[in-house]
Amino acid sequence: MSSTTRSTPTAPIPLSSKPAGQANPDTKTACIRTFGCQMNVHDSDRIRRMIQDAGYAEVQRYEDADLVILNTCYVRENAVDRVKGHLGELNRLRREGRVKRVALTGCIGAAEESATLQQTYDIDLVLGTHNTYELAEFVGLPTMLETYTPELPGTEGGHNAFVTIMTGCNYQCSYCIVPTVRGRMLCRPMGSVIAEVERLVAGGTGYVTLLGQTVDAWRHEGKRFCDLLEAVSESTPRVWFTTSHPSNMEDRTLRAIGERDTIVKRLHLPVQSGSDRMLRVMHRGYKAERYRRKIEVFREAAPDGTLTTDIIVGHPGETEEDHEQTLKLVEDCAFDSAYIFKFSPRRGTEAASLPGAVPDAVVQRRFLEVLRQIERNAFERNQRKVGGVEEIYIRHGSTEDGKAIGETWSGHAVHVKTGVAPGNYVKARIESAGPHVLYAGEPSG
Ligand code: SF4
């Protein structure tokens, strides 16, 4: 499942939060709308570089754009309906002579429905996640040939950068459409990853996030993910990675997180359920006990670190006993936060046709029970940070209330009273804590 890591004003950015662009009337204009996960945000960053290289000015409103690119997500059941709404609006603007061309990229572009959408809405170009590079020719750049991970520039000069190290996924989780739309795993050579990281750091990047659907499954020419992570940790001042799969997570990687100064001590390890029976139905490939052992290694390696996860409640066939086992695992692992998903059937996945649907009211109750347990644990763990002085990396500049959003080396999100620009570090005392965030006073240095 996807992460919802946010981004900075200079690195990949959810476009809705950017100020409206001011385009010269003679300049070609383009608007990119991003849906879905961090991988899509990253792909949009590459698209942004392409349109800039092709001489387009980026604008934020459809009505100001000659070209609109919808970079789409297919993970949620209503994703296609949502995109249809945007396509209908774009057709209206085209009829009025405002928008001239529309391209649809991303996961929906790789799905079966894309042909019907293209016909119905008269979309000029439809691309999947595997051939986004073809957009280059469409916007007037020379054709780019590439195989897997694009060598297109990513986010040079941004404080935070996202570097894709693998695409696709070799698992077949019952509820997930990713393997269908993103294909099987393809890993990028180590030299290529390191070269991109070094280029980004030379351009001013201070924080690199390694991305992949199962990032810890990366392997190439005898090297495994831990080798790559260690090499990257020597090339950048700060590094994190997401999303991991418990079956691929090696103990040496967990120990490296604790030992290496430049690795943020935050582990996102989706568990999905605490019931072995449900884990089998979901085809997750591990048992709850194995997951617990991984967490023990992580907690020992990085006692102060943060642990986050994904949990699905109400998967078809989930019984009260399965749910109890999930609650027990949540208590045992004491997660610092979790993305909890209420199961919703996704067309094209195995789970969509499984019997044993869980009634909505039951799903809602189970959701709240898991949520309360997570928040209780997180609140308790966060309280332990109060009173300590932390080195905080500023991710987002200060808002109107004078608070910037930063991150400690332990991976905790912190609101801190400072006007220091993103990409810098401050030291500040943690004054209070809630279940989701820490609050720091004015920096001391
Ligand atoms: S590991 Fe499972 S949930 Fe994650 S992307 Fe692969 S199939 Fe989807």
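Strands are DSSP runs of E with at least two residues, numbered from the N terminus, as are helices (H or I, at least four residues), and two strands pair if DSSP finds at least two bridges between them. The model is predicted: local features need pLDDT of at least 70, side-chain atom pairs count only at pLDDT 80 or more, and totals for chains, interfaces and linings use all residues. Residues are numbered from 1 along each chain as its sequence is written, and side-chain values use heavy atoms, without hydrogens and water.

**Exercise 1.** Determine the order of the open sheet that 3 strands form, and identify its edges.

*Solution.* Step 1: the order is 13-14-15, with parallel pairing. Step 2: strand 13 (266–268) and strand 15 (337–342) each have a single partner strand, so one side of each lacks a neighbour in the sheet and they stand at the edges. Step 3: strand 14 (residues 306–313) runs parallel to strand 15, joined by 6 bridges. Asp-310 stands opposite Tyr-339 in strand 15.

**Exercise 2.** State which strands pair with strand 1 and whether strand 1 is enclosed or open.

*Solution.* Step 1: strand 2 (residues 56–58) pairs with strand 1 in the parallel sense over 3 bridges, with Thr-29 opposite Ala-57. Step 2: strand 3 (residues 67–72) also runs parallel to strand 1, through 5 bridges; here Arg-33 stands opposite Leu-70. Step 3: 5 of the 7 residues of strand 1 (residues 28–34) are buried, so this strand is largely enclosed by the rest of the structure. Buried means under 20% relative accessible area (1.4 Å probe, protein chains only).

How values were computed. Buried < 20%, exposed > 50% of the residue type's maximum accessible area, 1.4 Å probe, protein only.
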